[in-house]
Amino acid sequence: MLKLIKKRFMNASIGTRLVVVIYAVIVGIFILLSAVLLVLAEKTSQQDLLRSMLDTVDSGSLLIEKEQQYLMGIAEYYSLSSPVQELFLTHAQGGRHTDSTEIMQAVRARMYCAGLAFYDLAGTPIEYMSIDNSWGPVPQDGDRPLQRIVAGSQLYEWEFIDQGDVCYMTADHSPKITLWYLVKDTHTFRPLGVLAVSLDSRRIFSSSYEPGSPYRRLTVLDRSGRAVFSRHSPALSAQARETLLAGTSDGSITGHFIAVLDGVKYRVAYDRVDQSYFYTYVLVPYHAFTWNLGPFYGYAVAGVLLSAFLLFPILLITSQTMVRPLQELAASMRQFKSGNFEAKVDFHYNDEIGQLGRLFNEMVQENRKLIESTYLLKIRQQEAELDALQAQINPHFLYNLINSIQWSALSKGEAEIADVAYSMGQFFRISLNRGGSVITVRQERDLIAYYLKLQKWRYSDRIVYTVTFPEDILELHIPKLILQPLVENSVVHGAECSSQVIHITVRAAASPDGARILLSVSDDGAGIPPAILCQLPESVPAEHASPGSRFAIKNIYDRLKLTYGDDFAFTIDSEAGTGTLVQLSLPSALPAPERRKEAQP
């Protein structure tokens, strides 16, 4: 039975054998690793989540404690100030207290301070200030912080007063954290009264709260279960808040637990604010699995390394019988690539690699025949054509000859002829561009200017031209001779075909974002007939257009296509008897392969 299985396996295709062996091993290893990594990752993820929640509640408690210290500083300062001492002493003696406007204005200037109120020992309000338009301080009697402080149980007490409560102000317009602080005579240390200073609880986290900040999940409750601050949506019910308080009833300062609030299961982390009855909570919906991919990456890398270590001996053995023929085939291909057109392989088996080897041998033979019959013949033909072209004219000889004519004309006082010769020389110099196919916008502008100057000398007043190029694009690079042939078309179809004056305008500009170069050539010549215009620039029938114009437009279009691909625009607008406008839009930067061809200075 085993022999039969082995025989069928060895007779199977190489792809089947590789898939069966490698797939079986990988699946087995990764099933085991996945189970282990899943357990480890989930455990680490839960620990990270809990740590993050505890850090958040601790940070929230610190923010509240900071604001409490701020209120405590205000209370200590005013309890010892002379005007406040005089205010309480005057009131205790039954006299009319002095003007307290200066005290209230000073408190009003305090950042985040929502209000300040002074009470005598009986709980009767003496004076108050509020910045949120709350008014009507309420006498403090019964089981209130003021009564407990006066009774001597403590020096101060914190209290949360919700918006609309009537225990502090008759009309209270904002939720407040309020500090009730005992004021004593600075000489006799006898109690004089109590001051209450408060801040708007909504502003505690306002400067630290952002949509992505951890405080979006923070909830703060007082000992009565009222929400001092909460970003929880939807708002927690009274029963949910009682459940949260019950989770902290053991007196612990910080901790965590799981609770069901309003029908939803949450992970809860809490922290008690120091020296007060406020608790900060963070609520995160409970999920069976919580994922933090940070530590999981480490486990994944370990799993990959372990898998590679286990797979190595198996792949090493299989590669000896399966991969070696591929290596031989690759070596033959490299020989063929290096120029050995006699390279071939010799396989004895009829599997996929053997079939591939035979196909390679056939390809080598066909390629050798192709080289002998076609490629070498084409090379010889191109070499002959190149020799013929090189024999026609030496442009540098022509350029040097024109320079000689210029200097000869200057020596004889023929300034106009010298100027024409100079323009011709510069025109040839820029056109040659040392063999380069790319020039700067400045060189293209100069080429057009020299060409039009020569045509102006030829046609005199029959040509009027304007060349406008801004300085900020002159050093950018474009393919050579893409505007001059268009200007030449305007001259040929304008001045040569008509006795009328022709106006030629050449413009260049950068797009608003600087990413493109905008070029245009316009004239008021005879225009292009509609039958021809509809076929430009792809093709122009020879019987409807001169060879020069057809070649120029087609040549420009083809070179732009080769240089920029589809990232250019070439439009021609013309009307018979009115004129022609040719517009180009090119990228400001040449494609990477073209940058090596940039014009030399």
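This is a predicted model: local features need pLDDT of at least 70, side-chain atom pairs count only at pLDDT 80 or more; totals for chains, interfaces and linings use all residues.
Buried here means under 20% relative accessible area, and by that cut-off 39% of the chain's 601 residues are buried.

Figure 1. The chain holds 16 helices and 19 strands. Its accessible surface comes to about 33800 Å², and carbon and sulfur atoms account for 58% of that. Take the contacts between residues at least 6 apart in sequence: 61% of them join residues at least 24 apart.

Figure 2. The average pLDDT of the chain is 77, and 71% of the residues score at least 70. Two stretches are worth a look here. Residues 384-394 have a pLDDT below 50, and beyond near neighbours in sequence this stretch has one contact in the model. Residues 539-551 also have a pLDDT below 50, but here the model shows 12 contacts beyond near neighbours in sequence.

**Figure 3. Close-up of the largest nonpolar core.** This core counts 38 residues. Which of them touch the most other members? That would be Phe118, Leu179, Leu195, Val197, Phe205 and Phe278. Helix α2, running over residues 14-80, supplies nine residues, the largest share of this core. Apart from this core lies another one, of 36 residues, with Leu486, Ala508, Leu519 and Tyr564 among them.

**Figure 4. Zooming in on Leu195.** Leu195 is one of the core residues that touch the most other members. Leaving aside residues up to four places away in sequence, what does Leu195 touch? Its partners include Ala75, Tyr78 and Ser79.

**Figure 5. A five-stranded open sheet.** The strands line up in the order β2-β1-β7-β6-β4, with antiparallel pairing. Why do β2 (125-130) and β4 (156-161) each have one side left without a neighbour in the sheet? Both stand at the edges with a single partner strand each, so there is no neighbour on that side. Ignoring direction, neighbouring strands of this sheet are turned by 15° against each other on average.

**Figure 6. The β1-β2 pairing up close.** Strand β1 covers residues 113-120 and pairs with β2 in the antiparallel sense, over five bridges.

Key
Residues are numbered from 1 along each chain as its sequence is written. Side-chain values use heavy atoms; hydrogens and water are left out. A nonpolar core is a set of buried Ala, Val, Leu, Ile, Met, Phe, Trp, Tyr and Cys residues joined through side-chain atoms within 4.5 Å. Buried means under 20% relative accessible area, exposed over 50%, partly exposed in between (1.4 Å probe, protein chains only). Helices (H or I, at least four residues) and strands (E, at least two) are DSSP runs, numbered from the N terminus. Contact means heavy atoms within 4.5 Å. Two strands pair if DSSP finds at least two bridges between them. Axes are lines fitted to C-alpha atoms, for helices over the stretch in contact, and angles run from 0 to 180 degrees between N-to-C directions. Accessible areas come from the Shrake-Rupley method with a 1.4 Å probe; for residues, only the protein chains shown count as cover. pLDDT is the predictor's confidence in each residue, from 0 to 100.
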